[in-house]
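Let's take a walk through this chain, from the overall picture down to a few individual contacts. Have the viewer open as you read.

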Amino acid sequence: MAEMGSKGVTAGKIASNVQKKLTRAQEKVLQKLGKADETKDEQFEQCVQNFNKQLTEGTRLQKDLRTYLASVKAMHEASKKLNECLQEVYEPDWPGRDEASKIAENNDLLWMDYHQKLVDQALLTMDTYLGQFPDIKSRIAKRGRKLVDYDSARHHYESLQTAKKKDEAKIAKAEEELIKAQKVFEEMNVDLQEELPSLWNSRVGFYVNTFQSIAGLEENFHKEMSKLNQNLNDVLISLEKQHGSNTFTVKAQPSDNVPAKGNKSPSPPPDGSPAATPEIRVNHEPEPAGAATAGATLPKSPSQLRKGPPVPPPPKHTPSKEVKQEQILSLFDDTFVPEISVTTPSQPAEASEAAGAQEPGETTTSEAASSSLPAVVVETFSATVNGTVESGSGAGRLDLPPGFMFKVQAQHDYTATDTDELQLKAGDVVLVIPFQNPEEQDEGWLMGVKESDWNQHKELEKCRGVFPENFTERVQ
């Protein structure tokens, strides 16, 4: 029977708690819908906002202080290992060995003392300060629940009083519950109204004490550490004086991009091609004033001068300046004249047959000449000859645009910023043609038509446009 009574009381409490939760939920819904008024205290709500802000700031300070302590501990370990290394390399017959060992020991003790004082005077104080917040936070939540109970009892009592058919017994019971709910709420409310402002004002003194403690401890630590470092410096000076003739001199290392004074051989080019041999000298034509920056600065068309330059493409190797044909030919013997077989792109088979029919002696001479030149010179010579051949052969072709000079392939995407520009995607092939008015050509820009557009329309007026040269690479 006792167990049943105990179970009955427990079941009764559970039922009561469930009923309270349902009543509170119903009251909150009515208040949100505006069908029931809600007791508000703006002064208390401001105190709650200050409490939440104070809790957030204190939690962050505690986290940062723990991070600081972890850093102090890590520095302690690093300093300890560094001193252990010094003791290992300090030979027994060197003067000041005992002093160096004593300094390392004091250094270790100083770090330990500094860390422990930070824990005692800052971290533990911080933990105590934050320890009062959970209890107050739960009391604020409980005060909110009791306020809902008070509003619910008040509304119930008012509804019974305004009812057409009044039941005095129910009214009396409702009034009794209202007085009880009001008393519980006001007791909690009064206590919090006193504690929250006091807690909010205490933050100033807490912050002052905490940071004063940290600053004072750090100041004393660095003073003592400075003395130890000075003592260690004196020991090392004594060691240097006794072994002065063996002092190690630190010499400045030459920069990677500055060659040594005695090194006159040219460094290989960045693209990996072999460097030119000293016996071969190629005299390039003087470069125009703007050629030095052509690869680094994106040229502008008249429309882009108004709108600003386009976004430059990813960096790429800027091709070396072409060497004129007569300069390359002057590198060979006077008796050597290479035979240039002029073929159009539509005659690959004929070109192959002509190459196959070449005399063995000529092939050997041409290969020997190519092998005697640096790769960069041979490639430049080939590009120049091909450019001349294609320029001359393309002018008379019906399947190429009039004035066709050479082909280029886009290496990067380019978004046109005006109607006179070509929209390019990486891999697009462009047929380059001359400007109708050469004076309209800006430095670093070419006129052309995409090969796909030309094959489809065969109309220059609709397809041609300008494009930045440094977004492309010549393929023919």
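What share of the 476 residues of the chain counts as buried? The figure is 28%, where buried means under 20% relative accessible area with a 1.4 Å probe and protein chains only. Before going further, a word on ground rules: this is a predicted model, so to speak, in which local features need pLDDT of at least 70 and side-chain atom pairs count only at pLDDT 80 or more, while totals for chains, interfaces and linings use all residues. Residues are numbered from 1 along each chain as its sequence is written, and side-chain values use heavy atoms, with hydrogens and water left out.

The chain holds 12 helices and five strands; these are DSSP runs numbered from the N terminus, with H or I over at least four residues for helices and E over at least two for strands. Contact here means heavy atoms within 4.5 Å. Among contacts with a separation of 6 or more, 73% come from residues 24 or more positions apart.

Now look at helix α2 (residues 42-89) and helix α4 (residues 133-162). Their axes lie 12 Å apart and they pack at an angle of about 150 degrees, with axes being lines fitted to C-alpha atoms over the stretch in contact and angles running from 0 to 180 degrees between N-to-C directions. α2 and α4 are therefore roughly antiparallel, the label for angles over 145 degrees. From α2, F44, V48, F51, Q54 and L55 meet F133, I136, K137, I140 and R143 of α4. By class, that contact has seven nonpolar, one polar and two charged residues; Ala, Val, Leu, Ile, Met, Phe, Trp, Tyr, Cys and Pro count as nonpolar, Asp, Glu, Lys and Arg as charged, and the others, Gly among them, as polar.

L199 is buried, at 7% relative accessible area. Setting aside neighbours within four places in sequence, L199 is in contact with F51, Q54, Q132, F133 and I136. L199 and Q54 are 145 residues apart in sequence, yet 8.9 Å apart in space, C-alpha to C-alpha.

Finally, the strands. Six of the six residues of β3 (residues 445-450) are buried. W445, M447 and V449 point one way, and L446, G448 and K450 the other. β3 runs antiparallel to β2 (residues 429-433), joined by four bridges, and pairs in the antiparallel sense with β4 (residues 465-468), also over four bridges; pairing takes at least two DSSP bridges. M447 is the bridge partner of I433, and V466 in β4 is the bridge partner of M447.

How values were computed: Angles under 35 degrees count as roughly parallel, over 145 as roughly antiparallel, 65 to 115 as roughly perpendicular and the rest as oblique. Buried means under 20% relative accessible area, exposed over 50%, partly exposed in between (1.4 Å probe, protein chains only).
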